[in-house]
Structure formats: C-alpha cells, structure tokens
Amino acid sequence: MSEEKKLDGPDLSQGVPLANIADGGMLLGHVAGEAVLLARRGQELFAIGAECTHYHGPLAEGVLVDETVRCPWHHACFSLRTGEAVRAPALNPVPSWRVEHRDGIVYVGEKVEPAAGEPRRPPQRAPESVVIIGGGAAGEAAAEMLRREGYSGPITMFSDDDAPPCDRPNLSKDYLAGNAPEEWIPLRPPDFYREQSIELRLGTSVAAIRADAREVELINGSRQRYGALLIATGAEPIRLAISGNDLPDIHYLRSLADSRTIIAKAAASRRAVVIGASFIGLEVASSLRARGLEVHVVAPEARPMERALGTEVGDLVQRVHQEHGVVFHLGTTPTAFDRSGVVLASAERLEADFVVVGVGVQPRTGLAEHAGIAVDRGITVNEHLETNIPGIYAAGDIARWPDRLTGEAIRVEHWVVAERQGQTAARNILGARERFDTVPFFWTQQHDLLLNYVGYAPQWDRIDIDGRIEAKDCTVTYRHGGRKLAVVTIGRDRESLAAEIELEKTIAAGG
Ligand SMILES: Cc1cc2nc3c(=O)[nH]c(=O)nc-3n(C[C@H](O)[C@H](O)[C@H](O)COP(=O)(O)OP(=O)(O)OC[C@H]3O[C@@H](n4cnc5c(N)ncnc54)[C@H](O)[C@@H]3O)c2cc1C
Ligand code: FES
C-alpha cells in the first residue's frame with residue numbers, strides 16, 4: 001500500500017488572505033499534493049517547493065534572506081524567484097509556482113519548470129578546456145557549476161577513486177550505520193556526467209602538473225592539455241606510524257570503498273576500537289554502536305572534541321556516547337596494534353576484532369608542490385581561489401584562502417565549504433572574479449546529537465552559553481579578543497542560520 005504524504009497548512013490554490021503572510025514571512029501550504037512554501041517580500045509573493053533537495057530539510061523552518069530562503073539543516077540556499085539552488089550543499093533546484101494576488105487574496109497557480117541548467121548569462125571568459133583534478137565535493141560542484149553557467153567547452157574530471165563523486169559525509173553516518181542504502185551515496189546518477197558532457201575519468205591518477213605547457217600528466221605517462229585547471233585533490237587520513245599499522249584489520253575512512261570495507265568487517269565482528277575522538281572517529285563510534293558492536297574510543301584529550309569545541313560541549317558529547325554504550329579511554333594513545341587488538345601508552349590492552357583510525361587528515365598538496373604552486377600547509381589561493389600561477393585554481397580541503405572574518409589565511413575540512421569553493425572557482429574560471437567570502441559551516445551527527453557549527457574559531461578566550469547544554473538545546477558562542485568567531489548550536493537550527501547571517505554581515509562590514 002503506498003503511503004500518502006501528510007501535507008501541512010492550507011491548500012494554496014484555493015487562496016489565502018494576504019494579511020496572513022507578514023512582510024518577510026513564510027507560509028507552508030500545499031498545491032496538488034505537493035508541499036509549497038509561500039514567501040512575501042513587500043508586495044511581492046513567491047511560491048517554491050518546501051522541501052530542500054539536499055536531505056529534504058523543511059524550508060519553512062529556515063530563514064529568508066533577500067530573495068532567498070536558507071535551509072535550517074545544512075544551510076543550502078534557494079532563490080525564491082526561480083527555485084534555483086544558489087548555494088551548496090543542495091545541487092538541485094526546487095520547483096516554483098506562479099502566484100496571483102487578487103482582492104487581498106493570494107492564489108498559487110501553475111507550476112513552473114525548475115531553472116536547472118539554464119545559464120543566467122553567457123560566460124565572460126571561456127577557456128579552451130577545463131581540467132579538474134579530484135572527483136570529490138569541490139571538483140564535482142565545480143564541474144556542475146561550469147555547465148550551469150553556460151560553459152560549453154570540454155570539461156575533464158580526473159579522480160583516482162574508482163567510485164563516482166559521492167556523499168562523503170554519509171560514509172561515517174547513516175550509510176555506515178546501515179540506515180542509508182547505497183543508492184543514496186552517489187551525488188549524481190551514472191548518466192548525469194554523460195548528459196552534461198563532463199568526462200569523468202575514474203580510477204585515473206594525475207601524476208604531475210606541467211604548468212609551462214598547460215598540461216597534466218597521468219600516471220600512465222599520457223598528457224592532457226588544459227585552458228584552466230582546478231586542483232581539488234582533498235585530503236587523506238593521517239596514518240599512525242606505530243607497530244602493526246599495516247595489519248589487515250586496521251582501517252581508515254575516506255572513500256566509499258573504505259566505508260564498505262568497515263561495514264563488511266562490522267557484520268562479522270563483535271568489538272571495535274576507534275582511535276581518535278575527532279568528528280569522524282566519533283561518528284564511526286556512533287554508527288558501529290547502531291550496528292550493535294561493542295565500541296571503545298581511544299584519544300589523548302581529557303574529553304572528546306575539547307580542542308575544537310571546548311569543555312562544556314566536550315562533556316556533552318562524552319555523555320551522549322556513554323549513554324549509548326561507548327567506552328572511552330582518554331588521556332592515552334595507542335603504542336602498537338597486533339592481531340588481537342591495541343596496546344595503549346597506559347599499558348592497557350584493548351581486545352578488538354578491528355580498529356578504525358580517525359586522527360585527522362592532511363591535504364594532498366604533492367602535485368602542487370612539484371608544479372611550483374605556492375603551498376603553505378595547503379595550496380595558497382587568493383580571494384578568487386586562484387593560485388600564484390594564473391589559470392590554476394584550488395578548492396576544497398586543500399585550499400588555504402584569505403578569510404576576512406579572522407583576518408587570516410585559513411583552510412578548513414568541511415563539505416559545504418568545499419562545494420561552495422568549487423562553485424566559486426568555476427565562476428571565476430569563467431571570468432566572474434567573485435570573492436570567496438563564505439562563512440564556514442559544518443554539521444555532525446552522533447547518536448541523537450546533531451550539532452551545527454558556523455564560523456571558525458581555532459582558539460578562543462571566551463565561551464558564552466545560552467540555553468541548556470545538557471538538554472541539547474543551546475547556542476554556544478566562541479570569541480577571541482572580543483570578536484565573535486564561531487557559534488555552535490544544538491537543537492536550534494534557526495539560531496545557526498542567524499549566526500551565519502550575522503557573521504556574513506561582519507565580513508561585509510570589513511571583517
Ligand atoms: C567519513 C567522512 C565524513 C565527513 N563528514 C562531514 C560532515 O558531516 N560535515 C562536513 O562539513 N564535512 C564532513 N567531512 C569532510 C568533507 O567530506 C570534506 O571536507 C570534503 O569531502 C572535501 O572535499 P574535497 O573536494 O576537497 O575533497 P574530497 O571530497 O576528498 O575529494 C578529493 C578527490 O580528489 C581525488 N584525488 C586526489 N588526488 C588525486 C590525483 N593525484 N589524481 C586524481 N584524483 C585525485 C580523490 O580521489 C577524491 O576524489 C567528512 C569527511 C569524511 C571522510
Ligand atoms: S537538508 Fe537542506 S541543506 Fe541539507
């Protein structure tokens with residue numbers, strides 16, 4: 001029996017009084033069985049799909065900013081006028097409807113086809129070809145944006161991964177936990193790249209960049225010319241240099257293949273040890289608990305995520321994991337792996353059927369370094385994401401860009417930042433000269449704890465807490481030298497958006 005979707009609010013095709021929609025407000029309703037968001041700006045009214053195309057977030061619970069609405073879950077942004085996904089992580093538009101206003105009543109009429117793929121304007125510059133090194137968040141978003149912006153020249157995307165671009169954040173969350181089927185993992189269906197004339201060369205490693213000849217050299221020695229180049233090689237897990245690290249039951253998680261391997265291992269195991277209380281380590285711990293494994297986490301800190309989020313949030317994270325049965329071994333590190341488990345510096349020995357190591361990543365900058373591209377703990381790019389070599393751009397986990405909020409060159413490892421950098425780099429390849437000024441955002445999901453982080457505060461001298469951390473209902477603000485640098489919210493999605501908007505205003509006002 002097919003399950004009928006429950007639709008909230010009025011039938012907007014029957015009309016609603018204009019007075020029911022405040023200026024700058026939104027109303028959730030439906031038309032012909034579809035959830036529709038009606039939004040008002042002055043005397044103008046807009047009707048678009050109410051469900052975010054990323055993970056189906058409820059747009060009516062988001063925030064209107066100018067002619068856009070932002071999703072409360074992971075901050076995607078849609079045009080109210082066209083439904084276009086103007087900011088990642090959503091890549092697809094939402095539908096839009098025509099709206100009529102007669103005698104104080106607003107009627108939502110016929111549906112308008114989504115604006116996907118329609119170029120807004122011809123590109124100002126069209127390089128003879130674009131080569132993208134990397135088939136991850138940044139590379140994929142860039143390739144799509146080149147086409148959305150009307151670029152019709154050849155696009156080649158090289159990836160040394162055998163899998164097409166995938167929803168990497170899911171690999172440690174629902175997919176690893178067994179709650180998301182594998183068909184949700186590719187960012188695009190297999191035909192997408194052919195339809196968009198994007199040549200996706202999987203399992204193909206780029207060995208060198210020959211900037212003088214404007215060529216990349218592949219591992220098999222063949223060469224390919226480029227008009228513009230985007231380096232989006234991401235980061236790779238840091239390997240632990242301790243005895244036993246090459247044993248078959250020591251795993252790292254970056255790719256779909258890694259996640260599949262851990263899932264297969266978990267299916268035949270009873271007990272796992274996770275090394276590292278970072279986001280990935282803790283998400284893995286959560287997902288393995290969801291699969292019923294006994295999970296031990298080993299980390300040098302006094303409490304998980306303390307360095308990134310401070311004592312109070314760290315305590316909450318620890319408590320949530322403990323309530324779900326995770327056992328912590330903190331203030332210690334592994335000194336060796338062997339066939340039966342892990343030996344700790346504290347001399348303790350932990351039995352394990354397998355181990356997952358999540359102790360951070362390092363940017364894959366080797367290609368750039370050898371090509372004479374400026375590298376400083378990441379590829380150095382300017383505000384347009386261009387490297388010191390004109391025509392060569394970098395985006396995603398490898399890029400260190402001038403951030404106006406902190407006044408420093410920063411590099412972050414966030415999905416949304418990587419996608420948005422890919423999109424900005426694509427527009428700049430086409431001559432837009434758009435400044436990358438996005439406020440960093442990431443989210444994490446561990447058991448029933450969902451945490452959003454906006455801004456960037458590698459250090460702080462003050463933390464303000466509004467609400468109750470232990471009730472998972474709070475806003476935590478990190479300041480340095482009196483400046484608000486980052487905000488964590490738990491259970492307060494709209495406040496996360498409000499903080500993002502406030503930080504954007506700080507940047508626009510000159511940092
Ligand atoms: C398990 C996991 C969970 C995560 N969860 C979150 C989350 O919840 N929220 C969040 O904000 N962030 C999360 N992240 C981080 C996020 O996924 C990264 O910030 C993002 O993927 C970075 O995108 P990127 O394009 O820079 O790199 P990647 O997505 O890693 O893509 C890099 C690509 O380059 C390819 N490549 C590298 N070198 C070469 C070469 N020489 N030749 C050809 N191809 C090459 C790689 O194969 C890969 O396809 C998570 C990361 C992981 C691993
Ligand atoms: S569900 Fe909307 S951004 Fe993720």
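Visitor: Hello! How much space lies in the second largest pocket?
Guide: Welcome; this is a predicted model, so local features need pLDDT of at least 70 and side-chain atom pairs count only at pLDDT 80 or more, while totals for chains, interfaces and linings use all residues; side-chain values use heavy atoms, without hydrogens and water. A pocket is found on a 1 Å grid over the protein atoms alone, as an open set of points where there is protein on both sides within 12 Å along at least five of seven lines. Grid points are joined across faces, edges and corners, and the volume is the space filled by probe spheres set on them. For the second largest pocket that comes to about 860 Å³.

Visitor: Which residues lie closest to the centre of that second largest pocket?
Guide: Residues are numbered from 1 along each chain as its sequence is written, with chains lettered from A and ligands numbered from 1 in the order written. A lining residue has an atom within 4 Å of a grid point, and the second largest pocket has 33 of them. Closest to its centre are His-54, Tyr-55, His-56, His-74 and Asp-167.

Visitor: Which element gives the most to the lining of the second largest pocket?
Guide: Elements are DSSP runs numbered from the N terminus: helices (H or I) of at least four residues and strands (E) of at least two. α9, β32, β33 (449–455) and β36 (483–490) each supply at least two residues of this lining. The one that gives the most, with four residues, is β33.

Visitor: Which residues are the closest to ligand 1?
Guide: Here a residue belongs to the surroundings if one of its heavy atoms lies within 4 Å of the molecule. By that rule, 34 residues surround ligand 1. The closest are Ala-138, Asp-160, Lys-173, Arg-254 and Asp-397.

Visitor: How far is an oxygen atom of ligand 1 from an N or O atom in the side chain of Arg-254?
Guide: A polar contact is a pair of N or O atoms within 3.5 Å; within protein, one must be able to donate a hydrogen and the other to accept it, and residues adjacent in sequence count only if both atoms are side-chain atoms. An oxygen atom of ligand 1 is 3.1 Å from a polar backbone atom of Ala-137, and an oxygen atom is 3.0 Å from a polar backbone atom of Trp-443. For the side chain of Arg-254, the distance is 2.7 Å.

Visitor: What share of ligand 1's exposed area does the protein bury?
Guide: Accessible areas come from the Shrake-Rupley method with a 1.4 Å probe; for residues, only the protein chains shown count as cover. Taken alone, ligand 1 exposes 990 Å². The share buried by the protein is 95%.

Visitor: How many residues around ligand 1 are charged?
Guide: Ala, Val, Leu, Ile, Met, Phe, Trp, Tyr, Cys and Pro count as nonpolar, Asp, Glu, Lys and Arg as charged, and the others, Gly among them, as polar. In the shell around ligand 1 there are 14 nonpolar and eleven polar residues. The charged ones number nine.

Visitor: What is the volume of the largest cavity?
Guide: A cavity is a set of grid points where a 1.4 Å probe fits but cannot get out. The structure holds two cavities of 30 Å³ or more. The lining of the largest one includes Arg-121, Glu-149 and Arg-427. Its volume is about 60 Å³.

Visitor: Which residue in the turn between β14 and β15 has a positive phi?
Guide: β14 (residues 206–210) and β15 (residues 215–218) pair in the antiparallel sense over four bridges. They form a hairpin with four residues between them. Most residues other than glycine have a negative phi. The turn residue with a positive phi, about 50 degrees, is Arg-214.

Visitor: Where is Pro-89 found?
Guide: The peptide bond from Ala-88 to Pro-89 is cis, with omega near 15 degrees. Pro-89 itself is found in the loop between β8 (85–87) and β9 (96–102).

Note on methods
Pairing = 2+ DSSP bridges.
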